[in-house]
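Please look over the sequence and the structure below before reading on. The briefing then takes up charged pairs, a surface patch and a pair of helices.

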Amino acid sequence: MAPPGPAGALPTSAEPLSRSIFRKFLLMLCSLLTSLYVFYCLAERCQTLSGPVVGLSGGGEEAGAPGRGVLAGGPRELAVWPAAAQRKPLLQLQQWRRRRPPAPRANGEEAAWEEESPGLAGGPGGSGAGSSVAEAPQGTLALLLDEGSKQLPQAIIIGVKKGGTRALLEFLRVHPDVRAVGAEPHFFDRSYDKGLAWYRDLMPRTLDGQITMEKTPSYFVTREAPARISAMSKDTKLIVVVRDPVTRAISDYTQTLSKRPDIPTFESLTFKNRTTGLIDTSWSAIQIGIYAKHLEHWLRHFPIRQMLFVSGERLISDPAGELGRVQDFLGLKRIITDKHFYFNKTKGFPCLKKAEGSSRPHCLGKTKGRTHPEIDREVVRRLREFYRPFNL
């Protein structure tokens with residue numbers, strides 16, 4: 001039998017009590033440090049949010065002038081945020097980013113989206129009846145802390161409807177230096193009277209080196225859009241996704257048919273008079289595909305070097321190749337490559353192995369890749385003849 005312990009020694013049952021006290025001490029210490037960190041972050045933000053200075057643009061300052069962040073309420077109003085207030089936290093964040101090791105996103109592996117679910121397929125923000133996955137914030141501490149600033153877009157996907165714009169935008173959002181609004185803003189065609197401040201507020205926050213983007217396919221066929229975008233910034237880069245205009249028209253009709261099954265046949269809508277073969281160019285499904293005519297309006301306000309035409313067909317057959325061209329056009333490092341895609345035979349479209357905000361695969365919604373109705377071959381032939389001079 002072991003000899004008794006020295007007088008005054010604590011019994012062994014007290015050891016768990018000591019560990020419990022130690023754990024409570026650690027928890028209190030962690031809570032204190034967290035509270036101090038949150039207080040520090042709030043104090044920093046209070047220093048920067050000193051309030052906007054509202055004035056008129058007649059004083060010689062242009063929207064987007066160097067050294068200032070501009071919130072424009074319209075052609076005559078500017079709400080100007082002092083540059084020093086914005087840039088202080090951004091500079092601190094950039095120093096932090098330089099000191100830390102290269103992020104895993106540099107090789108594209110971390111970029112991902114949420115797996116598609118029925119609830120997302122019919123949500124707002126898609127092209128036509130389609131939708132994009134919910135927008136997820138970039139995986140950086142700065143953006144999680146609501147840092148960065150909202151900028152007017154430096155690049156816009158301006159068209160065309162049923163060309164593949166949704167696929168292009170969602171593929172691009174995998175890139176860590178691209179920040180894009182998921183829903184179509186329709187600012188330059190439907191909501192221009194709300195002002196640039198309203199438009200800018202729709203955009204996601206960005207850090208230095210990141211590009212702000214949006215896509216609204218109807219811009220390409222809106223007469224006023226080129227002048228309005230040019231008034232915002234003459235340096236805006238414009239992307240147009242085009243595909244065979246006949247296939248595009250049939251796809252457009254298929255989408256409408258899914259919503260209104262009682263509409264007339266494609267053949268009857270195509271012609272003003274089928275006997276004479278006169279094409280009805282007032283029908284939007286036909287009109288949108290006259291790309292050359294719409295392009296004339298854009299070239300009055302933008303040089304052709306600021307426009308990139310993406311092939312909707314190659315976006316399906318070689319998505320990485322087309323995304324390479326787009327990344328070069330935007331001045332981005334080629335991060336999105338073949339390793340990001342796999343081909344879904346059921347849908348007939350490429351899908352992402354990893355999507356933004358998730359580590360699981362993602363394909364476009366159920367509204368994409370609909371089966372087209374059979375169209376009279378003679379009608380298809382006449383349409384191809386109609387489009388040929390414009391295609392040339």
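A salt bridge is counted here when a side-chain nitrogen of Lys or Arg lies within 4 Å of a carboxyl oxygen of Asp or Glu. By that rule, a search of the whole structure finds 13 salt bridges. This is a predicted model, in which local features need pLDDT of at least 70 and side-chain atom pairs count only at pLDDT 80 or more, while totals for chains, interfaces and linings use all residues. Residues are numbered from 1 along each chain as its sequence is written, and side-chain values use heavy atoms, with hydrogens and water left out.

**Salt bridges**

- Side chains of opposite charge can pair when their charged atoms come close.
- E184 and K215 join their side chains in a salt bridge, with 2.7 Å from N to O.
- Because E184 lies in the loop between β6 (178–180) and α6 (195–202) and K215 in strand β8 (residues 211–215), this pair ties together parts that are 31 residues apart in sequence; helices (H or I, at least four residues) and strands (E, at least two) are DSSP runs, numbered from the N terminus.
- Both E184 and K215 are buried, where buried means under 20% relative accessible area, exposed over 50%, and partly exposed in between (1.4 Å probe, protein chains only).
- R274 forms a salt bridge with D376, and their closest N and O atoms are 3.3 Å apart.
- R274 is partly exposed at 42% relative accessibility, and D376 is partly exposed with a relative accessible area of 32%.
- E322 and R314 also meet in a salt bridge, at 3.0 Å from N to O; E322 is buried, with a relative accessible area of 3%, whereas R314 counts as partly exposed at 41%.

**A nonpolar surface patch**

- F22, F25, L26, L29, L32, L33 and L36 make a nonpolar surface patch of about 680 Å², and L33 belongs to helix α1 (residues 14–48).
- Patches are made of residues with over 30% relative accessible area and no salt bridge, with like charges joined within 9 Å and nonpolar side chains (Val, Leu, Ile, Met, Phe, Trp, Tyr) within 5 Å.
- Accessible areas come from the Shrake-Rupley method with a 1.4 Å probe, and for residues only the protein chains shown count as cover.

**Two crossing helices**

- The axes of helix α5 (residues 165–172) and helix α13 (residues 319–329) come within 11 Å and cross at roughly 75 degrees, axes being lines fitted to C-alpha atoms, for helices over the stretch in contact, with angles running from 0 to 180 degrees between N-to-C directions.
- Therefore α5 is roughly perpendicular to α13, a term that covers angles from 65 to 115 degrees, with those under 35 counted as roughly parallel, those over 145 as roughly antiparallel and the rest as oblique.
- L168, F171 and L172 in α5 meet P319, L323 and V326 in α13, where contact means heavy atoms within 4.5 Å.
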